[in-house]
Amino acid sequence: MSDAEAAFSSWIGTTELLEDDLSPAQAHAAAATLDDATTMINGNATLPPLWHWFYFLPRAPQSKLSSDGHPERGGFLPPIPYPRRMFAGARLTFHHAMILGRPAQRKGEIRNIVQKSGRSGNLAFVTVGYQFYQQGILCLDEEQDIVYREPGPPVPAPVPAELPPVPEGAWTRTVTPDPRLLFRFSALTFNAHRIHYDRPYAINEEGYPGLVVHGPLTAVLLLELVRHTTNRRITGFSFRGQAPLFDLAPFRLVATPEAERVMLEAQGPDGKVALSAVAELG
Ligand SMILES: C/C(=C\C(=O)SCCNC(=O)CCNC(=O)[C@H](O)C(C)(C)COP(=O)(O)OP(=O)(O)OC[C@H]1O[C@@H](n2cnc3c(N)ncnc32)[C@H](O)[C@@H]1OP(=O)(O)O)C(=O)O
């Protein structure tokens, strides 16, 4: 066990309970952000997979935000000293769709804290488990990996290159991650991290070449591609962020259907996989 793991191991098992009434107003805002004019939204409609990220929003008062825009650490999340927070990945199992307009509960638990050494420097991964309930029924199991990076050299902008060929039968979409989209996604998720909307901060303080695309935004766009292309129920989803995407150039989504699942990639302008994912079909 590393010193950091020993220092923060007492956080493992820490829990948090949040309630939300799953207001249709927030789903309307999500649909507008995603340019989705077809999803039915009313008091009894079901919440599309991953749209729970637009609910159970952080409630830290303004005076309790850190300079990066995230809530101060040391409450539910441990006070990891590395300054650069990123969303590294998640694994979800969809048991039952949640219903809009009805109260729901989210139980969170810190499940693991691991220190690793990566090509970009020292990393601390915090794994957070969430379970979502409505009327006492478990609707969704989720595990998120949040990574904290120590300061390092600036992250270079991807060098544009020819994209790899699209596999036969794959569905694709090109996304232009302009600041309006990033801002609206930050607002939907009540995420004030300045790397997503404050360009001088993103460049000068955290060393990115531009505004950083939210990992959950890329994940939602990939799963929306699946939801709008197949009639099958989505029973599970997992993703891993491999490299950041920026607002500097469009990126491509590629969805390759297999028998019981869809293999997903978001490819950066350099043709490399920035985020890989799998959607399980029922
Ligand atoms: C919302 C929100 C924040 C955001 O949305 S931030 C934007 C979305 N996230 C990203 O763009 C992250 C993209 N990924 C990366 O930038 C890199 O993968 C990362 C996390 C910096 C790590 O890169 P490294 O090159 O330093 O790491 P290595 O490839 O050398 O691997 C070292 C060990 O770490 C493990 N690992 C790497 N990436 C991940 C991952 N995504 N998930 C889990 N584990 C990962 C890797 O397996 C190595 O482990 P070993 O046991 O083999 O040593 C918000 O904050 O709310």
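View 1. An oxygen atom of the ligand sits 3.1 Å from a backbone N or O atom of Gln 242. This is a predicted model, where local features need pLDDT of at least 70, side-chain atom pairs count only at pLDDT 80 or more, and totals for chains, interfaces and linings use all residues. Residues are numbered from 1 along each chain as its sequence is written, and side-chain values use heavy atoms, with hydrogens and water left out. Look next at Gly 241: one of its polar backbone atoms is 2.9 Å from a nitrogen atom of the ligand.

**View 2. The residues around the ligand.** There are 26 residues around the ligand, each with a heavy atom within 4 Å of it. Those that come nearest are Arg 85, Arg 119, Ser 120, Gly 215 and Arg 240.

View 3. The protein chain is assigned domain 1 (1–152) and domain 2 (154–282), with bounds from an automatic or database domain assignment. Domain 1 gives 36 residues to the contact and domain 2 gives 36 residues, counting heavy atoms within 4.5 Å.

**View 4. The domain 1 side of the interface.** Across the interface there are 14 residue pairs in polar contact, both partners at pLDDT 80 or more. Such a contact is a pair of N or O atoms within 3.5 Å; within protein, one must be able to donate a hydrogen and the other to accept it, and residues adjacent in sequence count only if both atoms are side-chain atoms. On the side of domain 1 that touches domain 2, α2 (24–33) and β2 (84–94) each supply at least two residues. The largest share, 11 residues, comes from β2. Helices (H or I, at least four residues) and strands (E, at least two) are DSSP runs, numbered from the N terminus.

**View 5. Arg 91 and Glu 143.** These two side chains meet in a salt bridge (3.1 Å, N to O). Arg 91 belongs to strand β2 and Glu 143 to strand β5 (residues 137–149), so the pair ties together parts that are 52 residues apart in sequence. A salt bridge here puts a side-chain nitrogen of Lys or Arg within 4 Å of a carboxyl oxygen of Asp or Glu.
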